[in-house]
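Please look at the model shown here.

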Amino acid sequence: MIRFALPFFIFLLFLMEGTLFQIFVPPSPDREFYLVPRFVLIAVVLTSIYRGAGSGVLIGAGFGLLYDIVYTDIIGIYMFSMGFTAYISAFTYRSVRTSFLWPVLIIISAIFVLEWMTYGLHYIIGGTDLLFEEFFMMRALPSLIMNGITALLLIYPFQRLFTRIRETEELQHW
Amino acid sequence: MPHFFSNKRLILLMVSIIVLVSLIGFSTRNNETITWPEKFLRDTTGVVQSLVSRPAHMTAGFFGNVADIFNVYEENQMLKSRMEEFASLSAELETVKQENATLREMIDSESSLNDYTTRTALVIHRSPDKWTDMIGINKGSQNGVSKNMAVVTSEGLIGKVKTTSEFTSSVQLLSDDSRTNRVSAMVATDGEPVYAFIEGWNEEEEGLMLRKIQSDAEIKEGQQVITSGLGGLFPRGLAIGTITSLEPDEFGLSYNALVEPAADYYNLEQVNVIERTSETLDDTIQQNTNEENEEDEEEPVEVEDPDAGGGGSS
């Protein structure tokens, strides 16, 4: 059962991004910047660190596809960017896994990579004509700060979850 | 990324880029409907989203109410002053309605572009990345919602249905920045109505862009912009907003105006999907729809519109 716990929790985060976050932090015309929640990506990067690149890419591409279908109209953008971000953030070293600061740093850079990639892809297909500086100030920076704080809150529960999964797997192995 | 640039990985990257390009090409094609796997995924997530969003809206609404209590007094004062205005307006509306009905009887026209039925839907999600401005609602093709129907709140038009699945549909808001986001609108002037298009959101000046206004049109700031009912499935006379500024376009052949939206696109909870009842000019079909309406007790709502039937002579 613990096997399905990870996708289940990520699905909850997915719902939070689109439904709960939008209800409790509605976009406002007075705000000069956009707050884009990237909770799923935080979980995907953590999966990538603690479960290896393979699982990370699988979960990333899967939830990216769901994101594309449910929240946007263009399939492929998030599927590709999330999979790619999961792949490059697969630092599976022991020192990274046991520390608290390293995952935060990796998550923040992964969020920046994802924001940049989605911006670039939307720019190429003509979905936006935002300049890079505007993109950085209006989207990337606020998003990095907000999601960085969320990452601080999420890392510990996910570390616990991954330890539990590992323990059950070892038990089954014996 | 320990061994990122080994040959196998590079090939995998290339393949996935090709897949990406083909998927984007597949989904940006001029598509009328979405495929069944997409519908399935949207419906299943839609069910969960409906379950989650209802209590969330209630909680958010509760905190909103607590905040509202603090300015109840001022609001009450303002509403009282508006109340008298409202009484005289509704009396006027009643006489205009009656007059409209008699006039319509005289010309034997049973239905007009103003008639519509509404379906209430709950907002279940909003696209979290703000590249597109779309919301999801919990009514789909099974509930009779179809593509390009108008979506309104009590304040005015907010957008149109972009795609539908069986139990959910996604609504493209007027503030969405897409090039295909276009609504046929008209400006309610004293004389002939002026027709133009609402074409997306102006990021710098924070307003909707009303474009392709004829240069000889008599338009002032502060005039109402409403839907024209000429294109698609929109009824005539849904409020869009008021004109705040006006300027000639780059070639000087027509005017562009900035429209301050009547509806709030930001705190959406319940929306109404609107279906125009008078679709065709065929008499028999018209009568059938009217009879159905009476049986269904879904009264076609008349909207006050002094220029209705003014005809598009231009």
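Asp73(A) forms a salt bridge with Arg42(B), with the closest N and O atoms 3.5 Å apart. A salt bridge here is a side-chain nitrogen of Lys or Arg within 4 Å of a carboxyl oxygen of Asp or Glu. Between chain A and chain B the count is two salt bridges.

This is a predicted model: local features need pLDDT of at least 70, side-chain atom pairs count only at pLDDT 80 or more, and totals for chains, interfaces and linings use all residues. Residues are numbered from 1 along each chain as its sequence is written.

Chain A and chain B bury about 4100 Å² between them, 68% of it on carbon and sulfur atoms. Buried area is the accessible area (1.4 Å probe) that two parts lose on being put together, summed over both. Asp73(A), Ile75(A) and Tyr87(A) supply 15% of the area that chain A buries against chain B, more than any other three residues. In contact (heavy atoms within 4.5 Å) are 49 residues of chain A and 42 residues of chain B.

The side of chain A that touches chain B divides as follows.

| Class of residue | Residues |
|---|---|
| Nonpolar | 35 residues |
| Polar | 10 residues |

Now the helix, a DSSP run of H or I with at least four residues. Helix α3 of chain B (residues 72-106) has 35 residues and should span 51 Å at 1.5 Å a residue; its end C-alpha atoms are 48 Å apart, which agrees. The expected span is 1.5 Å times one less than the number of residues. Just after α3(B), Asp108(B) takes a positive phi of about 55 degrees.

Notes
Chains lettered and ligands numbered in written order. Heavy atoms only, no water. Nonpolar A, V, L, I, M, F, W, Y, C, P; charged D, E, K, R; others polar. Helix = DSSP H or I, 4+ residues; strand = E, 2+ residues; numbered from the N terminus.
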